[in-house]
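Please look over the sequence and the model before reading the points below.

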Amino acid sequence: MRLISYRTGTAGGVGVMVGNDAFVALGSVAPDLPGSMRALLALPDGLARAKQATDGKGATHKLADVRLDPVVPDPAAIWCAALNYSAHQEEVGRGRSEFPEIFLRVPASFVGHGEPLIAPYGGLVTRFDFEGELVAIIGQGGRNIKQADALSHVAGYTVGNEGSVRDYQRHNRQYGIGKNFHHSGSFGPWLMTGDEFGD
């Protein structure tokens, strides 16, 4: 199943994709379900109920008629793993560390799929780079989760364009300042559940 967060004017909602260019508005077939992705994923059976409500239903909207928000427009946190593969570690001249390097991004730094990114301006910005990322979206939270159970907490996956302002990223050892400019990154278009995504 593939789910989107979308906006028509000032109203937002959650949709379940039908094909690649149309979707069923969840609010029109299941008004009892939450109208935001974050709230839907917080329900223990939210994805199952969304699937049940939309199975076999025809599309109610075309993607071309709405604006896409980031898949989860209001996440509790956006945790990012830096230098998360060998080629990138070699590219920047850093070796593998025992523990992953983690930084945070703020929701205001992201836009939805198809929306323009804003390149920071000014004499100090010379490198605004794209970075393709795999995004794992957590559904059910928890603490002290066993490694064997970790993937059961992942609601699905999407892709991201991190949008990194290298000039600011290199000012100090903290990546955050170069990663959090307003509307500098995007993620989406949709959340793909693990059963459809595969291994």
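What percentage of the 199 residues in the protein chain do buried residues make up? Buried residues make up 39% of them, where buried means under 20% relative accessible area, exposed means over 50%, and partly exposed lies in between, with a 1.4 Å probe and protein chains only. The model is predicted, so local features need pLDDT of at least 70 and side-chain atom pairs count only at pLDDT 80 or more, while totals for chains, interfaces and linings use all residues. Residues are numbered from 1 along each chain as its sequence is written, and side-chain values use heavy atoms, with hydrogens and water left out.

**Overall form**

- The protein chain has seven helices and 14 strands; helices (H or I, at least four residues) and strands (E, at least two) are DSSP runs, numbered from the N terminus.
- The C-alpha trace spans about 50 × 40 × 25 Å along its principal axes.
- Among contacts (heavy atoms within 4.5 Å) with a separation of 6 or more, 68% are between residues 24 or more positions apart.

**Strand E1 and its partners**

- Strand E1 covers residues 2–8 and is mostly covered, with five of its seven residues buried.
- E1 pairs with strand E2 (residues 11–18) in the antiparallel sense over six bridges; two strands pair if DSSP finds at least two bridges between them.
- E1 and E2 form a hairpin with two residues between them, and Gly 9 in the turn has a positive phi of about 65°.
- Strand E14 (residues 191–193) is also antiparallel to E1, over two bridges, and Leu 191 in E14 is the bridge partner of Leu 3.
- Strand E5 (residues 67–68) runs antiparallel to E1 and is joined to it by two bridges.
- Tyr 6 has Gly 13 as its bridge partner in E2 and stands opposite Leu 68 in E5.

**Two buried residues**

- Asp 69 lies in the loop between E5 and strand E6 (78–82), and it is buried with a relative accessible area of 14%.
- Leaving aside neighbours within four places in sequence, Asp 69 is in contact with Ser 5, Tyr 6, Arg 7, Gly 112 and Phe 187.
- Gly 156 belongs to strand E11 (residues 154–161) and counts as buried at 0% relative accessibility.
- Not counting residues up to four places away in sequence, Gly 156 touches Val 135, Ala 136, Ile 137, Leu 191, Met 192, Thr 193 and Gly 194.

**Cavity and pocket**

- A search of the whole structure finds one cavity of 30 Å³ or more. On a 1 Å grid over the protein atoms alone, a cavity is a set of points where a 1.4 Å probe fits but cannot get out, and a pocket is an open set with protein on both sides within 12 Å along at least five of seven lines; lining residues have an atom within 4 Å of a point.
- The largest cavity has a volume of about 30 Å³; grid points are joined across faces, edges and corners, and a volume is the space filled by probe spheres set on the points.
- The lining of the largest cavity includes Pro 70, Val 72, Phe 110 and Phe 187.
- This lining has eight nonpolar, no polar and no charged residues; Ala, Val, Leu, Ile, Met, Phe, Trp, Tyr, Cys and Pro count as nonpolar, Asp, Glu, Lys and Arg as charged, and the others, Gly among them, as polar.
- The second largest pocket has a volume of about 210 Å³. Of the 13 residues that line this pocket, the closest to its centre are Val 154, Ala 155, Thr 193, Gly 194 and Asp 195.

**Backbone features**

- Most residues other than glycine have a negative phi, and most peptide bonds are trans.
- A cis peptide bond, with omega of about 20°, joins Gly 188 and Pro 189.
- Asn 144 has a positive phi near 50° and is exposed, with a relative accessible area of 81%.
- His 183 has a positive phi near 55° and is partly exposed, with a relative accessible area of 26%.
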